[in-house]
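Visitor: I'm new to this one and would rather get to know a single part well than skim the whole thing. Could you take me through it slowly?

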Amino acid sequence: MCSHFAMPSLKEIKTYLTTDLKLPLIVPKNIEDKFSAATQIYPKSSSLVMLYSNNELKLVEKKWGYPSPFQKNRVLYNARVERFYEEKPSMWDNSFARQRCIILASEFWESSQQTYLASNNQTYHEHSSFTAIEEPMTLIAGIYQGNDFSMVTTVANNTVLPVHERMPLVLKPSELRRWLFQNFTSLLDRSEYNLARHQLPHR
C-alpha cells in the first residue's frame, strides 16, 4: 500500500503537462509559490492533483486521504479500484463514478514484508521506490471528494509484486482521458506498464 510519493515542482509539472503533452491546463495563481519546489507527500499532506471541473482541466490543491468513518483523526488514502465493481456500496462509489483526478509523482515508495537487521540491531522493512521508465513523470489515478483525494490501487504487476501485492493504478499519457471521463475497466490490468524499481539502501 503506497503511503509516500514525491511530487515534482510546479515548474516541472507545467512543463510536462502543457509543453510535452500539450494539455490545455489551467494553473491558479494562488498555488505558484506554495508548490515551487519538489515535495515529499504523505497522508494528510497537501498536494496538487489534476482534474476536470467546470469545463476546465486544472491543477487543484487537495489533502491526501478521506476522513475515516471508522476512526477519528485517521484518513483512508488508498482506494482499491475493484471496490467500485462490488455489489456492496462503499464510501468510494460516487467519487469513482464522477470525481476522478490525476496524481502527479516523480516516484512512489512501497514497503515490503521482508525485513533486515540494521547495524543498530533494529529490524526494519525493506523499502523500494518506483519510477516510470518511459515518461519523466509518473501519472497515478486518483479520486476526490471535497478538499480530499485518495490514491487508487490495483493488483501489482511483476515489477512491484516482489515488494507488495498492490500498487498505484499508474497511467500512460494516452490513458488520461479514459480515466477522467470514460469507462476505466480496461485500465485495471497494469501488467504492461513499465516501472523501474530502486531498492533503498539499508540503514
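Visitor: Where is the place of Ser47?

Guide: Ser47 is in strand 4, which covers residues 46-53. A quick word on what you're looking at: this is a predicted model, where local features need pLDDT of at least 70 and side-chain atom pairs count only at pLDDT 80 or more, while totals for chains, interfaces and linings use all residues. Residues are numbered from 1 along each chain as its sequence is written, and side-chain values use heavy atoms, with hydrogens and water left out. As for "strand", strands are DSSP runs of E with at least two residues, helices are runs of H or I with at least four, and both are numbered from the N terminus.

Back to Ser47. Its relative accessibility is 0%, so it counts as buried. (Buried means under 20% relative accessible area, exposed over 50%, and partly exposed in between, using a 1.4 Å probe and protein chains only.) Who surrounds it? Leaving aside neighbours within four places in sequence, Ser47 is in contact with Phe5, Met7, Phe35, Ile41, Val60, Glu61, Lys62 and Phe149. Contact here means heavy atoms within 4.5 Å.

In helix 1 (residues 10-20), Leu10, Ile13, Tyr16 and Leu17 are buried. They cover an arc of only 140° around the axis, which puts them on the same side of helix 1; that arc is taken from the directions running from the helix axis to the C-beta atoms. What covers these buried residues includes strand 4 along with strand 1 (5-7), strand 2 (25-26), strand 5 (56-64), strand 9 (100-105) and strand 12 (138-145).

Past the helix you reach Lys22, in the loop between helix 1 and strand 2. Lys22 has a positive phi of about 60° although it is not a glycine. Most residues other than glycine have a negative phi. With 65% relative accessibility, Lys22 counts as exposed. Asn73, in the loop between strand 6 (66-67) and strand 7 (75-76), is another non-glycine with a positive phi, about 70°. Asn73 counts as exposed too, at 59% relative accessibility.

Rings of Phe, Tyr and Trp (its six-membered ring) pair if their centres lie within 6.5 Å; planes under 30 degrees apart count as stacked, over 60 as edge-to-face and the rest as tilted. By this rule there are 12 aromatic pairs. One of them joins Tyr52 and Phe181 edge-to-face, 5.1 Å centre to centre with 85° between the planes. Tyr52 lies in strand 4 and Phe181 in helix 3 (residues 176-181), so the pair ties together parts that are 129 residues apart in sequence. Tyr52 is partly exposed at 37% relative accessible area, and Phe181 counts as partly exposed at 41%.

Phe96 and Phe184 make another pair: their ring centres are 6.1 Å apart and their planes are at 35°, so this pair is tilted. Phe96 lies in helix 2 (residues 93-98) and Phe184 in the loop between helix 3 and strand 16 (195-199), so these two tie together parts 88 residues apart in sequence. Both Phe96 and Phe184 are buried.

Finally, step back. Of the 203 residues of the protein chain, 46% count as buried. Among contacts between residues at least 6 apart in sequence, 66% join residues at least 24 apart.
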